[in-house]
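Me: I would like to go through this model with you and ask what stands behind each label. Could we start with the strands and then move on to the helices and loops?

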Amino acid sequence: MMPSASVEIAFRDVRVLAGTRLLLSIAQLQLTQRRISVIGPNGGGKSTLLQLVNGLVEPTEGYVSVDGQDTVDHGRAVRQQAGFVFSNPAAQLVMPTPLEDVELSLRRTLRETSQRRSAAMRSLDELGIAELAERSSQELSSGQQQLVALATVLALKPSVLLLDEPTTLLDLVNAQRFTQQVEKLAQLHGIMTITATHDLDLAAQAERTLLIHDGEVVADGDPEAVITTYRRRSAV
Ligand SMILES: Nc1ncnc2c1ncn2[C@@H]1O[C@H](COP(=O)(O)OP(=O)(O)OP(=O)(O)O)[C@@H](O)[C@H]1O
């Protein structure tokens, strides 16, 4: 049986402003489905929504919580629970080798060097990239780098994975490989995934899809219906 995510993400009376400009407004939203996708035009607010969930962006007004923990008051705990993967893996990898990057991500949770090393190796191994552990990160392909970025996040055993256009820079084969790995491990460990994407085939695989336009959720529900709405609205 497929484990369901046991996390609840809640938005209440949320507004995000940059100066006087309203970037996102969500009065009420509860997310509990294991696999959620977020679609919509450029600049609509998808990244802002994802970043609110782990406190990378703080609401100007209102509250966002992960399992009842406010993302501002409990930022560190929330970030440990909700891991973030960006489009550009190079931005997420700062150490010379994959192994060191995963160890770095574990520095707060595992104090002992040997424990950190074996946990980091397990994480790389789970993604099928153990042989890359001591290679130069700079010399890896984008597809390999994105798997390493994923390993740094999964090593912390998150209950939520926020994926912000994670396959945009990858070719078809690497994009599929990445998506399959995410799905396999998310299912295995019961991790909720929230994926912002322009890839509507990928978005369609979710259980629930949100369409964000001009800072508002304009459609929410069954992926097929929401994608149809998006296509209609975007028709030129
Ligand atoms: N720190 C910031 N200060 C000011 N404006 C910002 C900031 N961050 C984002 N924005 C603006 O907020 C709006 C929403 O941006 P966001 O990146 O969330 O959209 P998006 O739907 O993810 O877009 P894309 O599909 O292009 O990635 C955009 O108009 C963007 O220019």
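Me: Which residue in β10 stands opposite L210?

Reply: The residue opposite L210 is D220 in β10. Before we go on, please keep in mind that this is a predicted model, in which local features need pLDDT of at least 70 and side-chain atom pairs count only at pLDDT 80 or more, while totals for chains, interfaces and linings use all residues. Residue numbers start from 1 along each chain as its sequence is written.

Me: What makes β9 and β10 a pair, and in which sense do they run?

Reply: Two strands pair if DSSP finds at least two bridges between them. β9 and β10 have 5 bridges, in the antiparallel sense, so they meet that definition. The two strands form a hairpin with 2 residues between them, where D214 takes a positive phi near 50°. Strands here are DSSP runs of E with at least two residues, helices are runs of H or I with at least four, and both are numbered from the N terminus.

Me: How do you know that β3 and β9 pair too, and in which sense?

Reply: DSSP gives 4 bridges between β3 (residues 35-39) and β9 (residues 208-213), and the sense is parallel. S37 stands opposite T209 in β9.

Me: Why is the sheet called mixed, and what is the order of its strands?

Reply: The order is β6-β7-β8-β3-β9-β10, with 6 strands in an open sheet of mixed pairing. The edge strands are β6 (82-85) and β10 (216-221), each pairing on one side only. On average, neighbouring strands are turned by 15° against each other, direction ignored.

Me: Which helix lies across β6 and β7?

Reply: That is α5 (residues 142-154), which runs at about 170° to β6. Such angles run from 0 to 180 degrees between N-to-C directions, with axes fitted to C-alpha atoms (for helices, over the stretch in contact).

Me: Why is P89 counted as buried?

Reply: A residue is buried if 20 or more other C-beta atoms lie within 10 Å of its own, exposed if 12 or fewer, and partly exposed in between, with C-beta atoms placed from the backbone. P89 has 25 such neighbours, so it counts as buried. P89 is found in the loop between β6 and α3 (98-105). Leaving aside residues up to four places away in sequence, P89 touches S142, Q145, Q146, V148 and A149, where contact asks for C-beta atoms, placed from the backbone, within 7 Å.

Me: What makes α3 largely enclosed?

Reply: 6 of its 8 residues are buried, so the rest of the structure largely encloses α3. The buried ones are P98, L99, D101, V102, E103 and S105, and their cover includes α4 (113-126) and α5.

Me: How is the packing of α3 on α4 described?

Reply: Two packed helices are described by the angle between their axes and the distance between the axes. For α3 and α4 the angle is about 115° and the axes are 9 Å apart. P98, L99, V102 and E103 in α3 meet R116, R117, A120, S123 and L124 in α4.

Me: Is F178 buried or exposed?

Reply: F178 has 23 other C-beta atoms within 10 Å, so it is buried. F178 is found in helix α6 (residues 172-189), and its contacts beyond four places in sequence are G143, Q146, L147, P166, T167 and L170.

Me: Last one: which helix gives the most to the shell around the ligand?

Reply: Helix α1 (residues 46-53) does, with 3 residues. Among the residues around the ligand are A18, L23, N42, K46, S47, T48 and A196; a residue belongs there if its C-beta atom, placed from the backbone, lies within 6 Å of the molecule.

Key: Contact = placed C-beta atoms within 7 Å.
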